[in-house]
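I opened the model to look up what surrounds the ligand.

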Amino acid sequence: MNADSFQVFINYLSDELKSINDAFAFVGIYLISRKLLTSALVLSDFTKTYIISRVGSRDIAKLYGGKWAVVTGSSDGIGKAYAEQLALRGMNLVLISRDANKLQNTAIQINERFGVQVDFIALTFDGDETKYTELKEELDSKDIAILVNNVGVMYDYPQYFLDVSVEKLWQMVNVNIAATTMMTHIVLPQMVERGKGAIVNIAAGSCSRPTPQLAVYAATKAYIDLFSRSLQYEYSSRGITVQCLMPFYVGARMQRFNRAWRSPSSFIPSAERYARHAVQTLGYSQRTNGYWLHTIQGWIAHILPEWLWVSGANRLNNALRRQAQERVRRNH
Ligand SMILES: NC(=O)c1ccc[n+]([C@@H]2O[C@H](COP(=O)([O-])OP(=O)(O)OC[C@H]3O[C@@H](n4cnc5c(N)ncnc54)[C@H](OP(=O)(O)O)[C@@H]3O)[C@@H](O)[C@H]2O)c1
């Protein structure tokens with residue numbers, strides 16, 4: 001190779017390198033812009049959900065087209081606390097849970113505190129389809145503006161799939177999946193007819209990713225998440241708001257295997273604190289953790305690689321399982 005052709009080769013190489021450089025710069029700019037845009041959208045969603053939602057007050061009965069709200073699983077925990085928040089906003093309530101005495105006490109308390117009308121229906125959600133026909137007849141006599149599908153059951157404590165009783169597996173399918181689906185099927189027609197209404201479905205933040213030792217619970221909550229999102233697309237043009245709430249740990253009875261639930265903290269709020277925050281987000285976000293610190297937890301969960309998330313969940317669930325099994329052994 002003589003000096004001239006060497007120079008030509010060098011020029012060619014530097015042109016090629018410049019093109020590669022330009023291509024990398026282009027990809028870099030694209031990726032950075034995408035990240036910036038996503039972060040801006042996430043921040044604006046956060047601001048809308050947790051800050052703008054707190055400005056001023058709304059007449060939710062007028063907004064959602066009726067004076068009545070139905071809350072399932074409302075004798076305890078998040079359901080009861082959410083019902084109280086709706087009562088505070090002037091909504092009459094239909095409470096649905098298993099235990100008639102507990103329901104009656106809750107109904108009296110709410111009526112005395114907030115002066116709203118409170119009816120209750122004692123019912124166990126199970127595989128019996130006829131119950132839904134009877135429920136429909138009762139609920140069709142009222143203008144239901146808001147349905148809160150809160151009822152849910154979980155394992156007694158985190159366990160491997162084959163260690164969970166068959167009875168518990170059916171309970172999770174019948175309560176977490178079937179009750180939410182059928183309650184929506186009962187109440188949605190009258191909302192669609194009025195062209196207004198809100199359905200709030202409670203999933204779980206910790207189950208937005210694969211969660212070993214809570215496999216079936218997590219999968220039933222993933223159903224709630226997808227069901228809500230699809231339904232929102234189907235019915236938003238008919239005036240219906242569908243919201244999916246995805247709390248992380250809340251200090252409620254469901255977490256009784258976990259000592260932490262007895263002492264609520266910033267990250268494990270009491271059911272009352274959680275509901276106070278969550279109810280404000282209705283109409284501002286279709287899919288939210290419902291409590292700002294849980295949303296930050298959600299961001300962290302989202303960016304972790306799956307192996308790290310699964311390893312953390314496994315460690316936590318191993319510890320919770322051992323604690324719970326030890327307690328069961330001591331009590332026998
Ligand atoms: N607590 C948490 O950390 C957490 C986190 C994420 C998501 N969630 C979700 O939030 C929702 C509420 O949880 P929670 O912790 O507040 O629950 P909870 O304290 O255990 O209360 C559950 C409510 O549902 C009723 N219930 C249970 N099984 C029923 C059945 N088969 N038929 C009718 N009613 C039934 C219970 O009343 P009776 O026993 O009197 O019937 C009670 O009122 C659930 O969907 C749960 O999956 C909870």
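**Ligand contacts**

I began with Lys102: an N or O atom in its side chain is 3.3 Å from an oxygen atom of the ligand. I count a polar contact as a pair of N or O atoms within 3.5 Å. The model is predicted, so local features need pLDDT of at least 70 and side-chain atom pairs pLDDT 80 or more, while totals for chains, interfaces and linings use all residues. Residues are numbered from 1 along each chain as its sequence is written, and side-chain values use heavy atoms, without hydrogens and water.

I then looked up Tyr217, where a side-chain N or O atom is 2.6 Å from a ligand oxygen.

**The shell**

I found 31 residues around the ligand, taking a residue as near if one of its heavy atoms lies within 4 Å. Among the closest are Arg98, Asn150 and Val250. I sorted the shell into 16 nonpolar, 9 polar and 6 charged residues; Asp, Glu, Lys and Arg count as charged, and Gly as polar.

**Two helices**

I checked helix 3 against helix 4 (residues 100-114): they pack at about 30°, with axes 10 Å apart. Helix 3 is therefore roughly parallel to helix 4, since angles under 35 degrees count as such. Helices here are DSSP runs (H or I) of at least four residues.

Terms used: A polar contact is a pair of N or O atoms within 3.5 Å; within protein, one must be able to donate a hydrogen and the other to accept it, and residues adjacent in sequence count only if both atoms are side-chain atoms. Axes are lines fitted to C-alpha atoms, for helices over the stretch in contact, and angles run from 0 to 180 degrees between N-to-C directions. Angles under 35 degrees count as roughly parallel, over 145 as roughly antiparallel, 65 to 115 as roughly perpendicular and the rest as oblique.
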